[in-house]
Amino acid sequence: MRHRLIITATAATAALLTLAGCATGPDAADGSGAGGGQETRTLKVAATTSPMTDVVEAAAEAIEAPYEIELVEVADYVQPNSMLQHGELDANFVQHPPFMEEFNAGNDASLVVIEPVYLTVVGMYSSTHASMDEVPEGGRIVIPQDTSNAARALQMVAKAGLIELDADADTWSVTVDDITKNPKNLDFVEVDIMQLSAAYPEADAVFLHGTFARQLGLTPDEDAIAVEQDPQFAVSLVSREDNADSPEVAALAEAFHSDEVRQALEDAEVPVAF
């Protein structure tokens, strides 16, 4: 029998989950509750917005007994990594591998990629300009503040010929400090990834993932003035080193590569990575 249970977690409820132990006692771990026999094992998977939440819901329909998936909706991209690292989740579905690696390095964490699921199409968007060439002298370009996504944004601006980057710097970890030529004196503003959409109306150009672009009624094909889609940035199912080889995570991986998930991605018009 297949099950689905959906809850919503905010930063405040995450703290409560921590205090409560988030059902990590012996009965929850081995399924040997008072009823005896093989009981359903609930696997907690965090996600933020659609299509990530859609994928988790589709995986919940696909996963086989004795497992069920509980979707834990979160409001940002750091909280689910912290919750996963501290054992409050079985996995999360919120990020691409470079973002995960940046979290690991900054938090002495041991998160690991289990499976890539869908490709991300990112773009530079402008409410006033029809191309990157139209960005004016002193133009304001808003990019994410995390290293991996900031590097993607800077590479797009460099590809458009508006800046030059240090040729000796690593492609996907460049920062604004690696800009060697900026002939238009562009102003790069770094903000939290969740705040990028708010910058769209006034910025000369803003970096957006497809998810956030769609929330503004924008699409990469119709509205982006620059696009990038690199397979290494596929949104992936992530877990920890200590449970990556467990039967529970194997069941999750199978569910996330199911026909149900593929259909959910096709319905959302998101490129499938498997």
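These are my notebook entries on one predicted model.

**Ground rules**

I number residues from 1 along each chain, as its sequence is written. The model is predicted, so I take local features only at pLDDT of at least 70 and side-chain atom pairs only at pLDDT 80 or more, while totals for chains, interfaces and linings use all residues; side-chain values use heavy atoms, without hydrogens and water.

**Entry 1: overview**

I looked up the secondary structure and found 11 helices and 13 strands in the chain. Helices (H or I, at least four residues) and strands (E, at least two) are DSSP runs, numbered from the N terminus. Next I checked burial. Buried means under 20% relative accessible area, exposed over 50% and partly exposed in between, with a 1.4 Å probe and protein chains only. Buried residues make up 50% of the 274 residues in the chain. Then I turned to contacts, meaning heavy atoms within 4.5 Å. Among contacts with a separation of 6 or more, 75% come from residues 24 or more positions apart.

**Entry 2: the five-stranded sheet**

I traced an open sheet with the order β10-β7-β11-β6-β12 and mixed pairing. Two strands count as paired if DSSP finds at least two bridges between them. β10 (187-191) and β12 (226-228) are at the edges with a single partner strand each, so one side of each has no neighbour in the sheet. On average, neighbouring strands are turned by 25° against each other, direction ignored. I note that axes are lines fitted to C-alpha atoms, for helices over the stretch in contact, and that angles run from 0 to 180 degrees between N-to-C directions.

I then went through the pairings. β7 (residues 140-144) and β11 (residues 205-209) run parallel and are joined by two bridges. Val142 stands opposite Val206 in β11. Helix α6 (residues 147-159) packs on this sheet and touches β6 (122-125), β7, β10, β11 and β12. The direction of α6 makes about 145° with that of β7.

**Entry 3: strand β6**

I followed β6 to its partners. β6 and β11 run antiparallel, with four bridges between them. β6 also pairs with β12 in the antiparallel sense, over three bridges. Val122 has a bridge partner in each: His209 in β11 and Glu228 in β12. In a regular strand the side chains alternate between the two faces of the sheet. In β6, Val122 and Met124 point one way, Gly123 and Tyr125 point the other way, and all are buried.

**Entry 4: cores**

I looked for nonpolar cores, which are sets of buried Ala, Val, Leu, Ile, Met, Phe, Trp, Tyr and Cys residues joined through side-chain atoms within 4.5 Å. The largest has 73 residues, and Phe93, Met124 and Phe256 touch the most other members. Helix α3 (residues 52-62) gives the largest share of this core, seven residues. The contacts of Met124 include Met132, Ile141, Met156, Val206 and Phe207, leaving out residues up to four places away in sequence. A second, separate core of 11 residues includes Val72, Val74, Met100 and Ala109.

I also checked helix α10 (residues 247-256), where seven of the 10 residues are buried. Phe256 is one of them, as are Leu252 and Val249.

**Entry 5: aromatic rings**

Rings of Phe, Tyr and Trp (its six-membered ring) pair if their centres lie within 6.5 Å; planes under 30 degrees apart count as stacked, over 60 as edge-to-face and the rest as tilted. I count four aromatic pairs by this rule. Phe93 and Tyr118 have ring centres 5.9 Å apart and planes at 70°, so they are edge-to-face. Phe93 is in strand β4 (residues 91-95) and Tyr118 in strand β5 (residues 111-118), so the pair ties together parts 25 residues apart in sequence. Both Phe93 and Tyr118 are buried. Ring pairs link Phe93, Tyr118 and Phe256 into a cluster.

**Entry 6: backbone exceptions**

Most residues other than glycine have a negative phi, and most peptide bonds are trans. I found a cis bond between Ser50 and Pro51, with omega about 10°. Pro51 lies in the loop between β2 (41-47) and α3. The bond from Ala65 to Pro66 is cis too, with omega near 15°. Pro66 lies in the loop between α3 and β3 (67-73).

Asp108 has a positive phi, near 50°. Asp108 sits in the loop between α5 (97-107) and β5 and is exposed, with a relative accessible area of 72%. Asn185 has a positive phi of about 50°. Asn185 lies in the loop between β9 (179-181) and β10 and is exposed at 52% relative accessible area.
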